[in-house]
Amino acid sequence: MVRAKTWILAKHFDGFPKDSDFELKVEELPAPRDGEVLLEALFLSVDPYMRPFSKFRMNEGDVMIGSQVAKVIQSKNPAFPVGSHVVGRCGWRSHTVCDGKDLVPIMPGWPQDVSLSLALGAIGMPGLTALYGIEEVLGLQKGETLLVNAAAGAVGSVVGQLAKIKGCKVVGSAGSDAKVAFLKELGFDEAFNYKTVGSLEEALKKASPDGYDCFFENVMVYLRARKVSYCLCSVCLANVSNLLATCSSLNWFLFLFIKVGGPFSSVAIQQMKNFGRIAVCGSISTYNDTTPQTGPFPHLTMILKQLKMEGFMQSRWEHKHPESLKRLMGWFKEGKLQCREHITRGFEKMPAAFMGILQGENIGKAVVAA
């Protein structure tokens, strides 16, 4: 028998995850039966989606959800010979016995000098998310201008590079100077640190005075409120309640709310060109909220500019995955797609790696090497 380590959800998250929300357990696995395989995890993925999905796809005591690259070490399934490698949704497990139904073999012809960890990143789910968001949702065309937030992350960094391959202007926003430097290395036309710019509105205008054709929304970032140092109609705008009471028109409210500090997306939407398109694949800034965020509401702007906003998940185009992965690998081999990884070593550090991505510690794809 094999002793397997597993990380379980000991307690549902209340706000930001804590060490006490996780529990490491050891269990003995039976030998594979006919049609089954025994897997050993090599690389495990930590992704922001695990935070919200845990609310409705997990019960306390369940093994944490997630994907991994694993090696087949015992097999009674001819489709998965010993020594082969697969991507599977096995969760946070060091070893797994399964029937192979949800396993995907590593794509044929994977170069021996390329780490299999990329099958969890740019040549995997994040890369597919970037590709489908650009092609299927946005329909990005040569010569257009694209805005990407969380641009130094697993998805955003691929989005920007694919847009450059297509001949577009790319503007990226990130949360540190080191991340901004990384974006410039990747070839982004403009990049800025949204945490340190004096005005997000002015930073977006400076980066692209003519506006944006497309916006790849990763995070729904909320900005910290700033002091309002001016008055309207001699009434002190000391807080949002007074602000709402003072504003007599929606346009004034939108303008003033942006100045006080509102969602990144609300500011960005003001900079969109007519008939602009917005792809939404993440909302990391809201995942740890204990109460739902409300407003502002961009409906009027979206109507006047005739904007299109669409949420999506890469699984919608699962039938395209084999060919799409080949395309991503092709760009990687040609040197057109760079893949930065943030690797944490040690299965015992899974919770720390997970909490790290929710705090924006990673540049590129966050992976745990078992």
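**Starting with one residue**

Tutor: R33 is exposed, at 59% relative accessible area. Exposed means over 50%, buried under 20%, and partly exposed in between, with a 1.4 Å probe and protein chains only. This is a predicted model: local features need pLDDT of at least 70, side-chain atom pairs count only at pLDDT 80 or more, and totals for chains, interfaces and linings use all residues. Residues are numbered from 1 along each chain as its sequence is written, and side-chain values use heavy atoms, with hydrogens and water left out.

Student: What does R33 form a salt bridge with?
Tutor: With E36, where the closest N and O atoms are 3.5 Å apart. A salt bridge is a side-chain nitrogen of Lys or Arg within 4 Å of a carboxyl oxygen of Asp or Glu.

Student: Is E36 buried or exposed?
Tutor: E36 counts as buried, at 14% relative accessibility.

Student: How many salt bridges does the structure hold?
Tutor: It holds 17. One of them joins D47 and K365, at 3.2 Å from N to O.

Student: Where do D47 and K365 lie?
Tutor: D47 is in the loop between strand 3 (37-45) and helix 1 (50-57), and K365 is in strand 17 (residues 365-369), so the pair ties together parts 318 residues apart in sequence. Helices (H or I, at least four residues) and strands (E, at least two) are DSSP runs, numbered from the N terminus.

Student: And are those two buried or exposed?
Tutor: D47 is buried, with 6% relative accessible area. K365 is buried too, with 4%.

Student: Which residue does K273 pair with?
Tutor: K273 forms a salt bridge with D213, with the closest N and O atoms 3.4 Å apart. K273 sits in strand 14 (residues 272-280) and D213 in strand 11 (residues 212-217), 60 residues apart. K273 counts as partly exposed at 27%, while D213 counts as buried at 13%.

Student: New topic. At what angle do helix 2 and helix 10 pack?
Tutor: At about 100°, with their axes 10 Å apart. Axes are lines fitted to C-alpha atoms, for helices over the stretch in contact, and angles run from 0 to 180 degrees between N-to-C directions. Helix 2 and helix 10 are therefore roughly perpendicular. The cut-offs: under 35 degrees is roughly parallel, over 145 roughly antiparallel, 65 to 115 roughly perpendicular, and the rest oblique.

Student: Which residues make the contact?
Tutor: From helix 2, G127, L128, L131, Y132 and E135; from helix 10, H321, S324, L325, R327, L328 and W331. Contact means heavy atoms within 4.5 Å.

Student: What about helix 11? How many of its residues are buried?
Tutor: Eight of its nine residues are buried, so helix 11 (residues 350-358) is mostly covered. Among the buried ones are F354, I357 and L358. The cover includes strand 1 (2-9), strand 2 (22-29), strand 16 (341-345) and helix 1. After helix 11 comes G360, with a positive phi near 75°.

Student: And the chain as a whole?
Tutor: It has eleven helices and 17 strands. Of its 370 residues, 52% count as buried.

Student: What is the mean pLDDT of the chain?
Tutor: The mean is 87, and 85% of the residues reach 70 or more. pLDDT is the predictor's confidence in each residue, from 0 to 100. Over residues 221-262 the pLDDT is below 50. Where pLDDT is low, the predicted coordinates should not be read in detail.
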